[in-house]
Amino acid sequence: MTNLAPEAVDSAASTDRDSAPPPEAGASAGGTALLQRRSVQITAEVVVSVAAALLLTLLCTRISVNPLNRIGQVSGLAKIQLFAALLGLPVLAALVYTAYRGAALRHRLVQRLVCGAIAGLATGVVAGGVVVALRGTPWPLGGQEGDPSQLIHMATSILDDKGLPGVYPPLFPGLIALWAKLNYGGIGGEGYALHDLQIFFTAVAGPMSYLAWRLMLRPFWALAVAVPSVLVFLDPIRPYSHVTMIVLVPLLAACLRELRRAGELSVRSVLLRGAGFGAIFGVLFLYYSGWYLWSAPGIFVLTLFLFPWRGGGRAVRRTLLFVGTTVGLAGAIGSPLLYQIAKEGATTPDRYAYIVNYVDPAYVLGWLSDRSGQETYHTWPQAGEMAGQTGFALLLVAAVGIGIGVGLRSLVVRVAAAVLVGAWLMRFYYASHMAHDQMVQLYPRTTWIIMYCLIVLAVTGLMAATDRGRGWAERSFRSVGRTEAAGPVVPLRGTRQLAAGLVCALALFATMGASWSVDRYMPQDEKTNTMGIDAWRAHNIKKQDGSCPKFAPVKSETPQRPCADPIVKDWEPEQDKKSLHCAGVSTEDWPVVCGRIAPWVTQK
């Protein structure tokens with residue numbers, strides 16, 4: 001995809017001192033041949049990435065601090081960084097060494113393994129931070145309130161054989177129920193199971209993102225997209241939600257790539273590829289389905305443009321077979337949820353408004369949860385210097401413009417642009433109807449997918465500019481008499497060294513960004529109304545033996561704060577109030593924000 005992260009071995013005309021020697025006979029030659037096999041390299045990349053994430057998470061279980069005080073939290077965060085450095089510095093050293101000293105083939109393998117490891121370590125830091133934040137309690141982030149409580153109750157309903165949880169994707173609640181049954185005795189252990197799954201899926205979010213992008217991009221560029229996006233969007237409370245979004249976009253690009261060349265394939269190959277994508281999309285739909293809604297309009301239109309209408313009868317038939325197989329199998333796997341949506345979708349409107357519903361709907365470069373602390377729609381977001389836009393926004397938009405301007409031939413650019421436009425239009429459609437219909441319909445979630453597509457376009461813009469710049473330099477020097485025998489104008493070894501340095505920079509960003517991400521979840525008292533209250537709540541629920549967690553807070557007026565009793569009940573849909581509920585708004589501000597008196601005042 002680009003020469004900044006080359007996967008091509010230096011040419012035979014290379015004059016590098018340390019070029020790869022000819023393969024030796026015997027075991028060495030056999031080992032080299034084995035490492036050159038694509039399946040072996042892919043397997044190694046997957047294993048290294050996942051192993052790095054889980055190993056760092058496991059090391060963080062040995063951090064012994066009290067997470068309920070700030071000094072303990074800071075010490076825990078520092079220890080996580082120390083573990084990350086001990087694991088990351090040796091692999092970065094190997095990358096830099098092979099960039100300067102190693103043969104091209106060896107460096108190529110090292111580069112892809114190191115990029116996979118960095119992706120794993122990035123979310124390993126976040127998962128390790130969750131381990132520290134929940135030290136001493138078996139309960140998950142959120143405890144028994146908010147979204148975690150709903151997930152726990154859904155899992156209880158599944159264990160009680162009471163069917164699927166409404167229109168919510170059933171796969172993750174099903175995993176909670178299964179893990180609770182296998183490890184915690186079934187009903188009553190769902191919260192403990194959610195605790196484990198939050199940590200595990202947070203850890204593997206980085207590898208999932210990186211490996212999905214490896215379907216379309218080379219290691220450096222896949223890492224450049226995966227690390228910023230996963231650190232910005234990852235939510236350890238629901239780690240499955242945003243990871244589905246991150247994985248879905250490159251999978252859609254890979255699927256459309258196969259659609260474009262379906263006419264060149266055999267019927268058997270078309271069926272196998274269609275079945276593979278159909279199975280993946282069906283499982284992801286059951287994992288979390290919301291991102292399909294925001295992606296659908298743009299992808300549908302783009303598919304119509306990419307379809308080989310004039311490619312001849314054979315191409316049309318093979319492409320229709322691919323599309324039919326993909327959509328048919330995805331629909332079959334996702335049919336339980338599709339049935340629930342068709343049955344109950346119209347009766348489950350979303351009326352929950354919070355701070356992001358009160359700000360300018362054109363702002364898509366930041367997001368706050370309903371734990372917004374002291375921020376209000378008057379103070380957030382802060383206006384930037386240029387028509388309200390910050391320097392970051394201007395740089396991002398400029399990079400996006402480069403991506404569209406010079407990289408539009410790339411399928412990644414087309415998919416990201418199509419998804420962005422479709423989500424943008426749906427965002428403003430729902431927001432414009434919010435006052436009249438008294439429904440939110442989750443439109444703030446388009447903030448994430450729009451910003452994600454902007455990141456993708458910005459990175460691919462840099463990638464395309466790098467390619468064009470290198471090609472321009474080569475053509476310019478050729479035109480003034482430099483011969484091809486003299487070798488490339490931009491030496492491949494210099495390119496490898498630059499790429500190695502940039503990987504090191506991405507690794508540094510990953511550690512800093514991951515620490516920022518998880519610091520938001522460190523326990524804070526409920527009166528702060530920040531994201532830290534989710535870990536705080538987990539420390540205030542009794543364990544199975546009836547005792548409080550080790551670091552449960554202590555009230556000044558009593559010897560020991562009474563912890564909450566575990567709640568075991570089946571999931572029940574909430575009653576529709578027929579009007580917006582404006583969360584995070586004081587009683588006196590309800591008329592100004594929502595246009596009516598707060599319901600609890602009306603009830604009195």
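Ala387 sits in the loop between strand 1 and helix 15; helices (H or I, at least four residues) and strands (E, at least two) are DSSP runs, numbered from the N terminus. Its phi is near 50°, a positive value in a residue other than glycine. Ala387 has 71% relative accessibility and therefore counts as exposed (buried means under 20% relative accessible area, exposed over 50%, partly exposed in between, with a 1.4 Å probe and protein chains only). The model is predicted: local features need pLDDT of at least 70, side-chain atom pairs count only at pLDDT 80 or more, and totals for chains, interfaces and linings use all residues. Residues are numbered from 1 along each chain as its sequence is written, and side-chain values use heavy atoms, with hydrogens and water left out.

Pro381 is also placed between strand 1 (352-353) and helix 15 (391-407), in the loop. The peptide bond that joins Trp380 to Pro381 is cis, and its omega is near -5°.

## Positive phi at Gln438

Gln438 is not a glycine, yet has a positive phi of about 55°. This residue is found in the loop that runs between helix 17 (434-437) and helix 18 (446-479).

## Packing of helices 9 and 19

Two packed helices are described by the angle between their axes and the distance between the axes. For helix 9 (residues 219-233) and helix 19 (residues 492-519), the angle is about 10° and the axes are 10 Å apart. Axes here are lines fitted to C-alpha atoms, for helices over the stretch in contact, and angles run from 0 to 180 degrees between N-to-C directions. Helix 9 and helix 19 are therefore roughly parallel (angles under 35 degrees count as roughly parallel, over 145 as roughly antiparallel, 65 to 115 as roughly perpendicular and the rest as oblique).

On the helix 9 side, the contact (heavy atoms within 4.5 Å) is made by Phe220, Leu223, Ala224, Val227, Pro228 and Leu231. Helix 19 contributes residues including Leu502, Leu506, Phe509, Gly513, Trp516 and Ser517. By class, the contact has 14 nonpolar, two polar and no charged residues; Ala, Val, Leu, Ile, Met, Phe, Trp, Tyr, Cys and Pro count as nonpolar, Asp, Glu, Lys and Arg as charged, and the others, Gly among them, as polar.

## Salt bridges

The count comes to 15 salt bridges, where a salt bridge is a side-chain nitrogen of Lys or Arg within 4 Å of a carboxyl oxygen of Asp or Glu. One of them joins Arg537 and Glu145, with an N to O distance of 3.5 Å. Arg537 lies in helix 20 (residues 533-538) and Glu145 in the loop between helix 4 (104-133) and helix 5 (146-159), so this pair ties together parts 392 residues apart in sequence. Arg537 is buried, at a relative accessible area of 15%, while Glu145 is partly exposed, at 37%.

Asp565 and Lys542 form a salt bridge at 2.9 Å, N to O. Both residues lie in the loop between helix 20 and strand 2 (581-582), so the pair ties together parts that are 23 residues apart in sequence. Asp565 is partly exposed at 48% relative accessibility, and Lys542 is partly exposed with a relative accessible area of 25%.

In the salt bridge of Arg371 with Asp370, the closest N and O atoms are 3.0 Å apart. Arg371 counts as buried at 17% relative accessibility, and Asp370 as partly exposed at 25%. A network of salt bridges links Glu45, Arg112 and Arg214.
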